[in-house]
Amino acid sequence: MSSRPGSDAVSVPGSKVTVVPPAGNRDGEPFAVTECPGGPLLVRGDFEIQDSDGNEVAKNRETVALCRCAGSRIKPWCDGTHKLLRRASEN
């Protein structure tokens, strides 16, 4: 897994959302992004999630798992579907 602090926006293609610093705090390192191999992006800290139209997506946690496989039924959140997709491709 790699982790990086985020002061710039991070695009999540599988979920068609962008993680951005909150509107009032765009000059620090408000959040950290961890890429789980073959799985979601874990985002921790102070951030907002925006859809492709720039609308804020409500979140109820300071740490979220964002889908990157595009298979989740609860996008932009990860529901573990990547594990099923990985097993299916192994057969």
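This is a predicted model: local features need pLDDT of at least 70, side-chain atom pairs count only at pLDDT 80 or more; totals for chains, interfaces and linings use all residues.
**Entry 1: strand β8**

Val-64 and Leu-66 make up its covered face. Thr-63 and Ala-65 make up the uncovered one. I then looked for the partner of β8 and found β5, joined to it by four bridges. The two strands run antiparallel. Val-64, from the covered face, is the bridge partner of Val-43.

Strand β8 (residues 63–66) has the highest mean pLDDT in the chain, at 96. The lowest mean belongs to strand β1 (residues 2–6), at 60.

**Entry 2: the open sheet**

Next I traced the four-stranded sheet. I read its order as β2-β3-β6-β7, open, with antiparallel pairing. Which strands stand at the edges? They are β2 (10–12) and β7 (56–57). Each has a single partner strand, so one side of each lacks a neighbour in the sheet.

I took the pairings one at a time. β2 and β3 pair over three bridges, in the antiparallel sense. Val-10 has Val-19 in β3 as its bridge partner. β3 (residues 17–20) is also joined to β6 (residues 48–50), again by three bridges and antiparallel. There I found Val-20 bridged to Glu-48. Thr-18 stands opposite Gln-50 in β6.

Most residues other than glycine have a negative phi, and most peptide bonds are trans.

I placed Lys-16 in the loop between β2 and β3. These two strands form a hairpin with four residues between them, and Lys-16 is in the turn. Is Lys-16 buried or exposed? Lys-16 is exposed, at 63% relative accessible area.

Ala-70 also has a positive phi, near 70 degrees. Ala-70 lies in the loop between β8 and α1. I logged Ala-70 as partly exposed, with a relative accessible area of 41%.

Then I looked for a cis peptide bond. One joins Lys-75 and Pro-76, with omega about 15 degrees. Pro-76 sits in the loop between β8 and α1.

**Entry 3: the salt bridge**

How many salt bridges does a search of the whole structure find? I got one. Side chains of opposite charge can pair when their charged atoms come close. Here the side chains are those of Glu-35 and Arg-68, at 3.6 Å, N to O. Glu-35 is in strand β4 (residues 31–35), and Arg-68 is in the loop between β8 and α1 (81–90). The pair links distant parts of the chain, 33 residues apart.

I checked how accessible each partner is. Glu-35 is partly exposed, at 27% relative accessible area. Arg-68 is partly exposed as well, at 32%.

**Entry 4: the aromatic pair**

I found one aromatic pair in the structure. Phe-31 and Phe-47 form it, with 6.2 Å centre to centre and 65 degrees between the planes. I recorded the pair as edge-to-face, because the angle is over 60 degrees. Phe-31 lies in strand β4 and Phe-47 in the loop between β5 (41–45) and β6, so the pair ties together parts 16 residues apart in sequence. Both Phe-31 and Phe-47 are buried.

I then asked what lies over the face of Phe-47. The residue is Lys-59, at 4.3 Å from the ring centre.

**Entry 5: Thr-81**

Last, I looked at Thr-81 in helix α1. Its relative accessible area is 10%, so I put Thr-81 down as buried. Which residues does Thr-81 contact, leaving aside its neighbours within four places in sequence? I listed Cys-69, Gly-71 and Ser-72. I also took the distance from Thr-81 to Gly-39: 8.9 Å, C-alpha to C-alpha. Thr-81 and Gly-39 are 42 residues apart in sequence.

Note on methods
Residues are numbered from 1 along each chain as its sequence is written. Side-chain values use heavy atoms; hydrogens and water are left out. pLDDT is the predictor's confidence in each residue, from 0 to 100. A salt bridge is a side-chain nitrogen of Lys or Arg within 4 Å of a carboxyl oxygen of Asp or Glu. Buried means under 20% relative accessible area, exposed over 50%, partly exposed in between (1.4 Å probe, protein chains only). Two strands pair if DSSP finds at least two bridges between them. Contact means heavy atoms within 4.5 Å. Rings of Phe, Tyr and Trp (its six-membered ring) pair if their centres lie within 6.5 Å; planes under 30 degrees apart count as stacked, over 60 as edge-to-face and the rest as tilted. A charge sits over a ring if NZ of Lys or CZ of Arg is within 6 Å of the ring centre and within 35 degrees of the ring normal.
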